[in-house]
Amino acid sequence: MINSHAGKALTVAMAAKCCIESATMLRHNRRGDIGVKIVIELENVAYSYGGGELLSDISLKLAPGSFHFLTGPSGAGKTTLMKLCYGALLPTAGHVRLFGADVRGLDRDDITAVRRRVGVVHQDVKFLDHLNVTDNIGLPLTVSGRHAEAAGNDLDELMSWVGLTNRADALPPELSGGERQRAALARAVIMSPDVVLADEPTGNVDWDMSQRLLRLLIELNKMGKTVLIATHDLSLIRATKAHVQARVLRIANRRIQLAGADL
Amino acid sequence: MGSLRALLAGDRNADRVVPPSGFTAQLTVFAAGAMAFLAVFALALSLASGRLADRWGDELARSATIRIVAPLDQRSAQTDAALRILETTRGIASARALSDEEQRDLLAPWFGNDLALESLPVPRLIEVIEDTDGMDPAGLRLRLAAEVPGAVLDDHNRWRQPLIEAATRLRLLGWVSIVLITAAVAAMITLAANAALAANAQVISVLRLIGATDDYIALAFIRRFTLRALSGAAAGTVLGMLAMLLMPRGSDMGGFLTGLGFQGSHWLLPLLIPLLAAGVAFAATRAAAKRTLKELA
């Protein structure tokens with residue numbers, strides 16, 4: 001049932017996304033990056049801040065449709081790595097390639113185009129508090145020049161998929177932690193991105209809600225989306241085992257230490 | 001140019017992404033209105049000063065007066081002699097002696113209507129109008145001194161020049177006031193835009209995260225402040241023009257104060273003030289937004 005809702009909404013959203021992808025592909029075409037098989041690639045990446053090196057010699061490839069967990073203790077650099085994966089941070093050494101293009105060669109408009117292909121969910125998700133839930137979820141459509149009203153049915157189905165139909169008119173401060181995370185997930189996928197990055201998506205919710213969010217992310221993966229979840233919750237990783245083959249990447253001592261380990 | 005086109009086209013959905021700022025918005029509208037109101041007066045001052053300077057410069061520039069100060073029995077003869085000299089003087093279009101009636105009218109404000117002019121040693125006045133080439137006052141003075149000892153030439157320069165200078169300075173002061181008002185509007189809008197951008201750092205962060213370009217974010221703020229300045233300035237301009245309309249009117253010649261206002265097509269000039277305010281707000285907000293977005297990058 002949920003899968004059906006999500007399928008319809010995301011299929012229609014996929015069609016709407018074509019123009020953006022075309023623009024991005026055109027840019028990539030100029031750089032000779034057509035035909036990429038890896039959506040996100042980090043090669044010998046290091047990142048330093050305030051004189052200290054937070055990440056060192058990180059290499060990582062996310063293939064289309066793959067499912068990854070990024071785990072490690074608090075402060076290990078999971079969030080930093082996630083930000084590198086969508087161009088919010090630039091590496092101090094090494095290369096980050098998003099859809100085949102090196103982020104160092106991208107201007108702000110290119111980064112914006114890339115971000116429309118990457119849905120991001122943060123633990124401390126931020127909304128525009130003066131807009132209701134529906135408007136917040138439809139915001140990526142608005143800023144990309146399409147009006148949320150035009151995507152009314154898709155938006156409704158997406159709201160239904162994340163179970164927020166009855167909270168459509170609520171303002172973000174009125175939402176519970178789980179509702180905020182589901183709204184963030186809906187906002188992240190409304191443009192039908194190729195990749196979904198979720199940074200501690202279950203950090204502020206109870207077990208049941210974390211399982212519900214996990215199921216939504218698994219559904220997205222089964223639709224062909226690449227999913228990367230940063231979490232220190234090992235039970236979440238174990239719960240995924242029955243549904244999808246996921247790779248676990250563990251960060252410790254500034255490096256990925258268990259890359260490639262299957263559950 | 002693209003920003004301007006997008007601004008004029010408008011986008012209701014884009015307008016909504018920036019939260020309403022309530023009191024700040026009202027202050028911006030009020031300040032733009034007050035500045036526009038002052039700008040209308042500065043413009044009126046400048047235009048009225050200009051008219052005054054033009055009148056003193058043009059209408060009185062080509063006229064002069066000769067006073068015949070002579071005993072009563074010689075006054076008529078000296079007047080005729082002066083007129084003969086004027087007839088043969090180059091640069092003079094016409095010259096005529098004022099009649100007793102005209103002189104009486106001139107003195108009436110001070111001496112009343114029953115003045116017995118013929119019994120008083122009142123100088124005879126000769127009105128001289130120059131042609132386009134103009135006369136040589138120094139040469140004329142020499143000729144008059146030689147042939148009409150009681151004639152005194154007054155080419156009006158002595159009192160006209162300081163008045164023209166004063167009116168010109170006053171006109172300049174009006175324009176300087178408009179420039180200062182424009183700069184004040186720019187400063188005020190910049191401060192308000194900076195405050196709004198700083199207060200909405202989280203909104204900007206969210207918009208960037210979901211794929212909004214910096215141009216899109218900037219335009220949302222630019223449009224808001226430009227429309228506020230435009231609406232405030234429009235209201236201030238209308239009130240200013242109404243106030244000018246209600247100013248007491250003088251005669252056509254008018255004193256300076258009663259002539260302070262707009263005449264004819266000059267009534268259209270204040271309508272440019274809201275457009276100027278909107279243009280200034282557009283530029284100021286654009287600069288503030290670009291700078292802030294760069295800092296937040």
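Helix α5 of chain B, residues 100-111, spans only 14 Å between its end C-alpha atoms. A straight helix of 12 residues would span 16 Å at 1.5 Å a residue. After α5(B) comes B:G112, which has a positive phi near 90°.

**Confidence in chain A**

- Chain A has a mean pLDDT of 80, and 81% of its residues reach 70 or more.
- In residues 11-34 of chain A the pLDDT is below 50, although the model gives this stretch 31 contacts beyond near neighbours in sequence.
- Residues 259-263 of chain A also stay under 50 in pLDDT. For these residues the model has 12 contacts beyond four places in sequence.
- Where pLDDT is low, the predicted coordinates should not be read in detail.

**Fold of chain A**

- Nine helices and 11 strands are found in chain A.
- Of the 263 residues in chain A, 46% are buried.
- Among contacts in chain A with a separation of 6 or more, 71% are between residues 24 or more positions apart.

**Strand pairing around β4 of chain A**

- Strand β1 (residues 40-49) and strand β4 (residues 93-98) of chain A run antiparallel and are joined by five bridges.
- A:A46 has A:A93 of β4(A) as its bridge partner.
- β4(A) is also joined to strand β5 (residues 101-102) of chain A, by two bridges, and these strands too run antiparallel.
- A:R97 is bridged to A:D102, which lies in β5(A).
- β4(A) and β5(A) form a hairpin with two residues between the strands, and in this hairpin A:F99 takes a positive phi near 55°.

**Contact between chains A and B**

- On each side of the contact there are 18 residues: 18 of chain A touch 18 of chain B.
- Helices α3 (108-115) and α5 (139-143) of chain A each supply at least two residues of the side of chain A that touches chain B.
- That side of chain A is made up of seven nonpolar, five polar and six charged residues.

**Nonpolar cores**

- The largest nonpolar core holds 126 residues. The members that touch the most others are A:A186 and A:L197 from chain A, with B:I189, B:A193, B:F221, B:A229 and B:A277 from chain B.
- Helix α3 of chain B (residues 23-59) gives this core its largest share, 16 residues.
- B:A229 is in contact with B:T28, B:A32, B:V185, B:I189, B:A277, B:A278 and B:A281, leaving aside neighbours within four places in sequence.
- In soluble globular proteins, nonpolar side chains tend to be buried together.

**B:T237 in helix α9 of chain B**

- B:T237 lies in helix α9 of chain B, which covers residues 214-245.
- B:T237 counts as buried because 25 other C-beta atoms lie within 10 Å, and the cut-off for a buried residue is 20 or more.
- Not counting residues up to four places away in sequence, B:T237 touches B:A36, B:V40, B:P270, B:I273 and B:P274.
- Between B:T237 and B:H266 there is a separation of 29 residues in sequence and 14 Å in space, C-alpha to C-alpha.

Notes: Residues are numbered from 1 along each chain as its sequence is written. Chains are lettered from A and ligands numbered from 1 in the order in which they are written. Two residues are in contact if their C-beta atoms, placed from the backbone, lie within 7 Å. Helices (H or I, at least four residues) and strands (E, at least two) are DSSP runs, numbered from the N terminus. Ala, Val, Leu, Ile, Met, Phe, Trp, Tyr, Cys and Pro count as nonpolar, Asp, Glu, Lys and Arg as charged, and the others, Gly among them, as polar. A nonpolar core is a set of buried Ala, Val, Leu, Ile, Met, Phe, Trp, Tyr and Cys residues joined through C-beta atoms within 7 Å. A residue is buried if 20 or more other C-beta atoms lie within 10 Å of its own, exposed if 12 or fewer, and partly exposed in between; C-beta atoms are placed from the backbone. pLDDT is the predictor's confidence in each residue, from 0 to 100. Two strands pair if DSSP finds at least two bridges between them. The expected span of a helix is 1.5 Å times one less than its number of residues.
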